[in-house]
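The sequence and structure come first, then the points by topic.

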Amino acid sequence: MSTLRELKTRIGSVASTQKTTSAMKMISSSKMRKATGQLQRLSPYRHMVQHVISHLLVTDQQFDSPLIVEREVQRVALVIFGSDDGLCGGYNVNIFKQLLARIHQVRTDYGSKVGITVVPVGKKMTKAVAKIAGADIQVERVALNTRSDSEQLYDFTDLMKTRFLEHTYDRVEVLYMHFISTGKQVFASEQLLPVSYQGLAENVDPRAANSPCLFEPDANTIFNTVLPLHIKSMLQDVFIQSTASEQSARVMAMQAASDNAKELLDSLQLEYNKLRQQGITTELLDILGGQVQR
């Protein structure tokens with residue numbers, strides 16, 4: 001049976017843990033709100049880019065860009081977004097499982113001989129991906145991480161674009177957790193390169209046809225100017241979605257840890273009170289016993 005001193009020490013330790021997890025939850029909540037705010041600020045920019053593309057596509061002109069060229073897929077790059085830090089529950093584990101499933105699907109779609117390169121973002125994901133690196137799966141490490149700024153993100157986008165144009169990769173996909181709410185994030189996979197012309201057409205604003213525009217110098221030149229902006233805005237959205245999802249997962253993990261600490265603290269406090277009361281009762285009985293003997 002634990003002594004009062006041992007119980008008091010354990011109670012202090014658990015109480016300290018509860019305070020720490022509560023503080024970490026507040027920090028993660030603040031970071032999550034910051035990320036969701038960035039998503040809201042990015043939305044008008046993405047809307048404007050899509051607005052321009054909509055006006056271009058309703059002209060029914062044929063556009064020529066190396067970024068939309070579909071070719072035989074011999075090597076696929078999978079850019080997988082994880083976290084740099086831990087204490088976010090099963091966040092990275094779930095993403096890694098989805099990565100394995102996507103690798104299997106890529107081999108099903110393009111054949112078992114298709115080359116696969118995994119590009120991990122985040123220290124935790126880089127460490128996990130290292131376990132599957134081999135002759136059939138290559139890993140390309142990049143400088144991008146979850147704390148990178150917009151400039152570094154744009155450099156990474158240009159790198160992927162260059163890899164595609166040089167035929168190093170025939171297809172580039174991004175895999176990440178899409179933020180819906182604090183308690184819900186869903187895994188998502190999107191084709192970054194080549195840019196899906198059909199996907200652009202599906203997102204055309206129908207109101208664009210009612211407001212024809214004149215393009216200077218010409219529609220194809222503008223299309224080739226706007227398309228890289230579309231790719232950058234798409235990857236920036238993915239990056240922020242991943243950040244918001246990571247912080248959300250950490251909020252939930254810290255909340256669960258805080259709740260568990262509170263339950264353990266209540267249990268220890270009850271045991272401490274019982275043991276203390278038992279000690280007091282024993283002392284009273286000893287005093288009464290001594291008085292009776294007199």
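Helix α4 (residues 150-165) has 16 residues and spans 22 Å from its first C-alpha to its last, close to the 22 Å expected at 1.5 Å a residue (1.5 Å times one less than the number of residues). The model is predicted: local features need pLDDT of at least 70, side-chain atom pairs count only at pLDDT 80 or more, and totals for chains, interfaces and linings use all residues. Residues are numbered from 1 along each chain as its sequence is written, and side-chain values use heavy atoms, with hydrogens and water left out. Helices (H or I, at least four residues) and strands (E, at least two) are DSSP runs, numbered from the N terminus.

**Helix α4**
- Leu 153, Phe 156, Thr 157, Met 160, Lys 161 and Phe 164 are the buried residues of α4 (under 20% relative accessible area, 1.4 Å probe, protein chains only).
- Seen down the axis of α4, its buried residues fall within an arc of 140 degrees, so they line one face of the helix (the arc is taken over directions from the helix axis to the C-beta atoms).
- Just after α4, His 167 has a positive phi of about 65 degrees.

**Strand β2**
- Seven of the seven residues of β2 (residues 115-121) are buried, so the strand is largely enclosed by the rest of the structure.

**Strand pairing**
- β1 (residues 75-81) pairs with β2 in the parallel sense over seven bridges (pairing requires at least two DSSP bridges).
- Phe 81 is opposite Val 121 in β2.
- β2 and β3 (residues 137-139) run parallel, joined by three bridges, and Ile 116 is opposite Ile 137 in β3.

Terms used:
Buried means under 20% relative accessible area, exposed over 50%, partly exposed in between (1.4 Å probe, protein chains only).
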